[in-house]
Amino acid sequence: MSRASEELGAAQQEPPSKRARRGQSSRAVPGRDGVPETSPSVNLTQPLPGHNEGNSRYRYAMVCSSNINRSLEAHVVLKNSDFHVSSFGCGSQVRLPGPRGARCFDFGTPYASIVETLEQESHSFYSRIGVLNLAKRAAATKPAPERWQDLPTARLGQTNVIICFETRLYEIVVNDVLQRTPEDFSPVHIICMDTKDTTRDAVQQGKDVLGLCRQIEEVDLTQEMPVESMASANKGKIQYLMTHV
């Protein structure tokens, strides 16, 4: 029996009142609270075949809250252009719009299992609001959502540029990096490109991220960072830190 089937079976044995609360948060607001605002009319960027190995000069990490909308969109855009790229969330759980609030999953839950669970719970609802499109695109991109805080420092040290898509998340990542004990003192550049947590805004920001990363590829990051390019990519609003890991 699949994980999704086990979850569904357990849910069916629960009292209705408890089942309604299971995995839900009535206070969550799509576009806020780590829950993306989705739309079936938005054309999400899809991963292209034959782009599994990047050949970029630098390695990039994209970070949002749930590793399913903003960071995943940027991940796909960069991957399709043959960048070395990974993506993460730094929230407490993967949070999606649900019929009674946020539908939550643990980080590490395979995207394919998330898709299966959502289809079993309410295929029509999750299709109508665009959540299934989001989860299926994620499943075609990587195995499972990854949490930034669980990233080993050795792997972090192989990353040159980290791009966060919200000020609050940027602060979480910066604090996490600064609290780690450096292993080889590799320089890492952390950038915030504040982006509303909607699929429409994520698609637009993915284009801006691609333009910025192409300009970063042209400079020596041990000597400089194209600050003017960062400001232009984020309409003049930029947060930036360089440190070592």
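Is the crossing of α4 and α5 left-handed or right-handed?

1. **Overall make-up.** This is a predicted model. The protein has nine helices and seven strands. It counts 245 residues, and 53% of them are buried. Take the contacts with a separation of 6 or more: residues 24 or more positions apart account for 77% of these.

2. **The pair α4 and α5.** The crossing of these two helices is left-handed. Helix α4 covers residues 111-128 and helix α5 covers residues 131-139. Their axes come within 9 Å and cross at roughly 160 degrees. Angles over 145 degrees count as roughly antiparallel, and α4 and α5 are therefore roughly antiparallel to each other.

3. **Who makes that contact.** From α4 come Tyr111, Ala112, Ile114, Val115, Leu118, Glu119, His123, Tyr126 and Ser127. From α5 come Val131, Leu132, Ala135, Lys136, Ala138 and Ala139. By type, the residues of this contact of α4 with α5 are 11 nonpolar, two polar and two charged.

4. The axes of α3 and α8 come within 9 Å and cross at roughly 50 degrees. That makes α3 oblique to α8. The crossing is right-handed. On the α3 side, the residues are Arg70, Glu73, Ala74, Val77 and Leu78. They meet Ala202, Val203, Gly206, Val209, Leu210 and Cys213 of α8. This contact of α3 with α8 divides into eight nonpolar residues, one polar and two charged.

5. **Helix α8 by length.** Helix α8 has 18 residues, 199-216. At 1.5 Å a residue, they should span 26 Å. The end C-alpha atoms are 25 Å apart, which agrees. Buried residues of α8 include Thr199, Gln205, Asp208, Leu212 and Ile216.

6. **Two positive phi angles.** Asn67 is not a glycine, yet its phi is positive, at about 55 degrees. Asn67 sits in the loop between β1 and α3. Its relative accessible area is 0%, so Asn67 is buried. Asp82 also is a residue other than glycine, with a positive phi near 65 degrees. Asp82 lies in the loop between α3 and β2, just after α3. Buried or partly exposed: which describes Asp82? Asp82 is partly exposed, because its relative accessible area is 23% and the cut-off for buried is under 20%.

7. **The segment after β7.** Val245 belongs to the segment after β7 (239-244). With 3% relative accessibility, Val245 counts as buried. Val245 and Leu178 are 67 residues apart along the chain, but their C-alpha atoms are separated by 8.3 Å. Which residues does Val245 contact, leaving aside neighbours within four places in sequence? They are Leu156, Gly157, Val177, Pro182, Glu183, Asp184, Phe185, Ser186 and Val188.

Methods
Residues numbered from 1 in each chain as written. Predicted model: local features only at pLDDT ≥ 70, side-chain atom pairs only at ≥ 80, totals over all residues. Heavy atoms only, no water. Helix = DSSP H or I, 4+ residues; strand = E, 2+ residues; numbered from the N terminus. Expected span 1.5 Å × (residues − 1). Buried < 20%, exposed > 50% of the residue type's maximum accessible area, 1.4 Å probe, protein only. Axes fitted to C-alpha atoms, helices over the stretch in contact; angles between N-to-C directions. Parallel < 35°, antiparallel > 145°, perpendicular 65-115°, else oblique. Left-handed = near helix turned anticlockwise from the far one by under 90°. Contact = heavy atoms within 4.5 Å. Nonpolar A, V, L, I, M, F, W, Y, C, P; charged D, E, K, R; others polar.
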